[in-house]
Amino acid sequence: MLKLWNKDRIAQASDILQSVSSQVNDALENRPISIQLRGLTCMKGSPARARVVYAPVLEVGGEGRLVRACKVITEAFVKSGLVLERDAKQELRRHLTAYVIK
């Protein structure tokens, strides 16, 4: 999880993503990737009180290109100090997130 609490950190994250874009494209083999959304679940607590829900993502074809691209990005953020190494060692949860507004 990135902690981008000010404009400087947002700009730094943007610069990092731009700097690794060619490596990400290489990891994706310079071609589109297809994903499937696998249901909907909440981050914490009961579904009735959910404030954040997410859909797990599955790469269609199982080639591992999505995971390789994510590793490139994660390593760049760790190297920059935007992500702590201990956080980077957690299992990557590939997902799409939605916030529930009540």
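Helices α1 (residues 7-19) and α3 (residues 65-80) of this predicted model have axes that come within 10 Å and cross at roughly 135 degrees. The two helices α1 and α3 are therefore oblique to each other, given that angles under 35 degrees count as roughly parallel, over 145 as roughly antiparallel, 65 to 115 as roughly perpendicular and the rest as oblique. Axes are lines fitted to C-alpha atoms, for helices over the stretch in contact, and angles run from 0 to 180 degrees between N-to-C directions. Helices (H or I, at least four residues) and strands (E, at least two) are DSSP runs, numbered from the N terminus. On the α1 side, Gln12, Ala13, Ile16 and Leu17 meet Ile73, Ala76, Phe77 and Ser80 of α3, contact being defined as heavy atoms within 4.5 Å. The residues of this contact between α1 and α3 comprise 6 nonpolar, 2 polar and no charged; Ala, Val, Leu, Ile, Met, Phe, Trp, Tyr, Cys and Pro count as nonpolar, Asp, Glu, Lys and Arg as charged, and the others, Gly among them, as polar.

Strand β3 (residues 52-59) pairs in the antiparallel sense with β1 (residues 35-37) over 3 bridges, where pairing requires that DSSP find at least two bridges between two strands. Within this pairing, isoleucine 35 stands opposite glutamate 59 of β3. Strand β2 (residues 41-42) also runs antiparallel to β3, joined by 2 bridges, and threonine 41 has tyrosine 54 in β3 as its bridge partner. A further antiparallel pairing, over 5 bridges, links β3 to β4 (residues 95-99); here proline 56 is partnered by histidine 95 in β4.

Alanine 88 belongs to helix α4 (residues 85-88) and is partly exposed, with a relative accessible area of 27% (buried means under 20%, exposed over 50%, partly exposed in between, with a 1.4 Å probe and protein chains only). Leaving aside neighbours within four places in sequence, alanine 88 is in contact with Thr74, Val78 and Val83.

The loop between α2 (21-27) and β1 holds glutamate 29, a residue with a positive phi of about 60 degrees although it is not a glycine. Asparagine 30 lies in the loop between α2 and β1 and has a positive phi of about 50 degrees, although it is not a glycine. Glutamate 29 is partly exposed at 40% relative accessibility, whereas asparagine 30, at 58%, counts as exposed.

Residues are numbered from 1 along each chain as its sequence is written, and side-chain values use heavy atoms, with hydrogens and water left out. As the model is predicted, local features need pLDDT of at least 70 and side-chain atom pairs count only at pLDDT 80 or more, while totals for chains, interfaces and linings use all residues.
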